[in-house]
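Open the model in your viewer and keep the sequence panel beside it. The stops below say what to select and what is there.

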Amino acid sequence: EAVNYALSAVEIDPGNIWYYQHLAQLYRELNEIDNAIAVYSKAMRLFKEPGIMFALAALLTFHENYDDAIEIYNDLENIIGIDERISISRQHIYMQQGQFERAYHEVKKLTELFPEEPRYLGILAELYAALDMTGEALITYHKLFQIDPENGMAQLSVDEFLINQGKFDDAYN
């Protein structure tokens, strides 16, 4: 019944962004992802609002429609500039697609723009580790610890990395 009311609201006032968001959210709650994507797509064409674009790109990613999600993230970046959410989302998509070079460039871009942000170094180190680039991973972890020596997440991450490398004594230390 709520969907019917939301559909009526969109018909009565198609210029109200909130009605589209509400309708799409109802479809998401009902697990009608195709309908939610359709509503967000129409709203994105009408409003070009970043919140709607993020929601649509996330749904497209969930639906494994990666190319369309990347296109929306690219449009978003043109609108709001370089943003962690965009770069990390694209990095995840590229990893899913096996496009490791592109995934690397997304994270590398963040580390170059924000060299003092330990989270980006941690993500880059984990990416190196996932790609079996152990030397680069260790160098990046060392950079991270120079910036933030008490970073608990990084300590766990490097510990797991060392265990996976069979370096149990180093992990223990």
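## Stop 1: an exposed loop residue

Select Asn-31, which counts as exposed because its relative accessibility is 57%, over the 50% cut-off. The model is a predicted one. Asn-31 sits in the loop that links α2 and α3. Check its backbone: phi is near 60 degrees, a positive value in a residue other than glycine.

Now move to Glu-64, in the loop between α4 and α5. Glu-64 is not a glycine either, yet its phi is positive, at about 60 degrees. With a relative accessibility of 58%, Glu-64 counts as exposed. One more residue belongs on this stop: Asp-132, which follows α8 and has a positive phi near 60 degrees.

## Stop 2: the whole chain

Zoom out and colour by secondary structure. How many helices and strands does the protein have? There are 11 helices and 0 strands. Along the sequence the pattern therefore reads α-α-α-α-α-α-α-α-α-α-α.

Turn the model along its principal axes: the C-alpha atoms fill a box of roughly 65 × 30 × 30 Å. The radius of gyration is 20 Å, well over the 16 Å from the globule rule for 173 residues, so the protein is more spread out than a compact globule.

Of the 173 residues, 39% are buried. Among contacts between residues at least 6 apart in sequence, 35% join residues at least 24 apart.

## Stop 3: the largest nonpolar core

Hide the surface and select Leu-23, Tyr-40, Leu-56, Ile-72 and Tyr-73. In the largest nonpolar core, which has 34 residues, these five touch the most other members. Next, show the helices that supply at least two residues each to this core: α1 (2-12), α2 (17-29), α3 (33-47), α4 (50-62), α5 (66-80) and α6 (84-97). Which helix gives the most to this core? That is α4, with 8 residues.

Centre on Tyr-73 and display its surroundings. Leaving out residues up to four places away in sequence, Tyr-73 touches Phe-54, Ala-57, Ala-58, Thr-61, Ile-86, Ser-89, Arg-90 and Ile-93.

A second, separate core has 11 residues, among them Val-107, Ala-125, Phe-161 and Leu-162. As background, nonpolar side chains in soluble globular proteins tend to be buried together.

## Stop 4: helix α4

Is Pro-50 buried or partly exposed? Pro-50 counts as partly exposed, because its relative accessibility is 25%. Not counting residues up to four places away in sequence, Pro-50 touches Leu-76 and Ile-80. Draw a distance from Pro-50 to Asp-67: the C-alpha atoms are 18 Å apart, and the two residues are 17 apart in sequence.

## Stop 5: an aromatic pair

The structure holds 5 aromatic pairs. Show the rings of Tyr-20 and Phe-47. Their centres are 5.7 Å apart and their planes are at 65 degrees, so this pair is edge-to-face; the cut-off for that label is over 60 degrees. Tyr-20 lies in helix α2 and Phe-47 in helix α3, so the pair ties together parts that are 27 residues apart in sequence.

Tyr-20 has a relative accessibility of 1% and counts as buried, whereas Phe-47, at 26%, counts as partly exposed.

## Stop 6: helix α8

Finish at α8, residues 118-130. Its 13 residues should span 18 Å at 1.5 Å a residue, and its end C-alpha atoms are 18 Å apart, which agrees. Select its buried residues: Pro-118, Tyr-120, Leu-121, Gly-122, Leu-124, Ala-125, Leu-127 and Tyr-128. The cover over these residues includes α6, α7 (100-113) and α9 (134-147). Ala-125 was already met as a member of the second core.

Conventions: Residues are numbered from 1 along each chain as its sequence is written. This is a predicted model: local features need pLDDT of at least 70, side-chain atom pairs count only at pLDDT 80 or more; totals for chains, interfaces and linings use all residues. Side-chain values use heavy atoms; hydrogens and water are left out. A nonpolar core is a set of buried Ala, Val, Leu, Ile, Met, Phe, Trp, Tyr and Cys residues joined through side-chain atoms within 4.5 Å. Buried means under 20% relative accessible area, exposed over 50%, partly exposed in between (1.4 Å probe, protein chains only). Helices (H or I, at least four residues) and strands (E, at least two) are DSSP runs, numbered from the N terminus. Contact means heavy atoms within 4.5 Å. Rings of Phe, Tyr and Trp (its six-membered ring) pair if their centres lie within 6.5 Å; planes under 30 degrees apart count as stacked, over 60 as edge-to-face and the rest as tilted. The radius of gyration is taken over C-alpha atoms; the globule rule is 2.2 Å times the number of residues to the power 0.38. The expected span of a helix is 1.5 Å times one less than its number of residues.
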